[in-house]
Amino acid sequence: MPPGKREMARIERRLITALTEACETAKGEIKGFTWLTHTTDLNALTETLRITWVFETQADKKLAQANAKARIFELTAMALNEANIDLTPSDLTVRFDSEDECQRTHRGDWQKRLAKGD
C-alpha cells in the first residue's frame, strides 16, 4: 500500500531538514556554493527526485564539478540517509547549476528553470 498524504508530508519535511543541513555544511566548505533545492513527485520519489546544487557563477560550478563532486555526493547521500530515503546519489539525481546561467537563460526565474529541467 502506498504511503498516505500524512506520511508523504513527513517524508518531505525530513528531506527538507536533511538537505538544509547539507546546504549549510556545503556553504562553509565549497567555494561559490550558494544554495540547493529539490524537485520530486512524492508518489514516485526515488524515480523523480532531483537535487540541484546552485553556485554563484559557471566558473564556480565547473570548479565544484571538478574538485568537490565527491563531497557533494557524500553530503547528498547523508541527507537522503537522514531522511530515510533509500536512494544512491547519481548524475541523474544530483544536478549542478549556477545563478548566472539561470539569469542568462531564464532571466533569473528559478521556478521556470527547474520545471523545465535545464
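In which handedness of crossing does α1 pass α4? The crossing is right-handed, a term used when the near helix is turned clockwise from the far one by less than a right angle, with anticlockwise giving left-handed.

The model is predicted: local features need pLDDT of at least 70, side-chain atom pairs count only at pLDDT 80 or more, and totals for chains, interfaces and linings use all residues. Residues are numbered from 1 along each chain as its sequence is written, and side-chain values use heavy atoms, with hydrogens and water left out.

**View 1. Helix α1 packs with helix α4.** Helix α1 spans residues 5-29 and helix α4 residues 69-82. Helices (H or I, at least four residues) and strands (E, at least two) are DSSP runs, numbered from the N terminus. The angle between α1 and α4 is about 155 degrees, and their axes lie 8 Å apart. That makes α1 roughly antiparallel to α4 (over 145 degrees; under 35 is roughly parallel, 65 to 115 roughly perpendicular, the rest oblique). Axes are lines fitted to C-alpha atoms, for helices over the stretch in contact, and angles run from 0 to 180 degrees between N-to-C directions. On the α1 side, the contact is made by Leu 15, Ala 18, Leu 19, Glu 21, Ala 22, Thr 25, Ala 26 and Glu 29. From α4 come Arg 71, Leu 75, Ala 79, Leu 80 and Glu 82. Contact means heavy atoms within 4.5 Å. These residues divide into 8 nonpolar, 1 polar and 4 charged. Nonpolar covers Ala, Val, Leu, Ile, Met, Phe, Trp, Tyr, Cys and Pro; charged covers Asp, Glu, Lys and Arg; the others, Gly among them, are polar.

**View 2. Helix α3 has a buried side and exposed residues on the face turned away from it.** In α3 (residues 58-67), Asp 60, Lys 61 and Ala 64 are buried. They cover an arc of only 100 degrees around the axis, which puts them on the same side of α3. The arc is that of the directions from the helix axis to the C-beta atoms. Buried means under 20% relative accessible area, exposed over 50%, and partly exposed in between (1.4 Å probe, protein chains only). Ala 59, Lys 62, Ala 66 and Asn 67 are exposed on the face turned away. The buried residues pack against β2 (50-55), α4 and β3 (94-98). Asp 60 has a relative accessible area of 9%. Leaving aside residues up to four places away in sequence, Asp 60 touches Lys 31, Gly 32 and Phe 55.

**View 3. Helix α5 buries Glu 101, Cys 102 and His 106.** The helix spans residues 99-106. Seen down the axis of α5, the buried residues fall within an arc of 100 degrees, so they line one face. They pack against α3, β3 and α6 (110-116). Arg 107 follows α5, in the loop between α5 and α6. Its phi is positive, near 55 degrees, in a residue other than glycine. Arg 107 is exposed, at 75% relative accessibility.

**View 4. Asn 84 lies in the loop between α4 and β3.** Asn 84 is not a glycine, although its phi is positive, about 60 degrees. Its relative accessible area is 60%, so Asn 84 is exposed.

**View 5. Thr 40 sits in the loop between β1 (33-39) and α2 (45-48).** Thr 40 is partly exposed, at 26% relative accessibility. Not counting residues up to four places away in sequence, Thr 40 touches Glu 12, Leu 45, Thr 48 and Leu 49. Thr 40 and Met 78 stand 38 residues apart in sequence and 18 Å apart in space, C-alpha to C-alpha.
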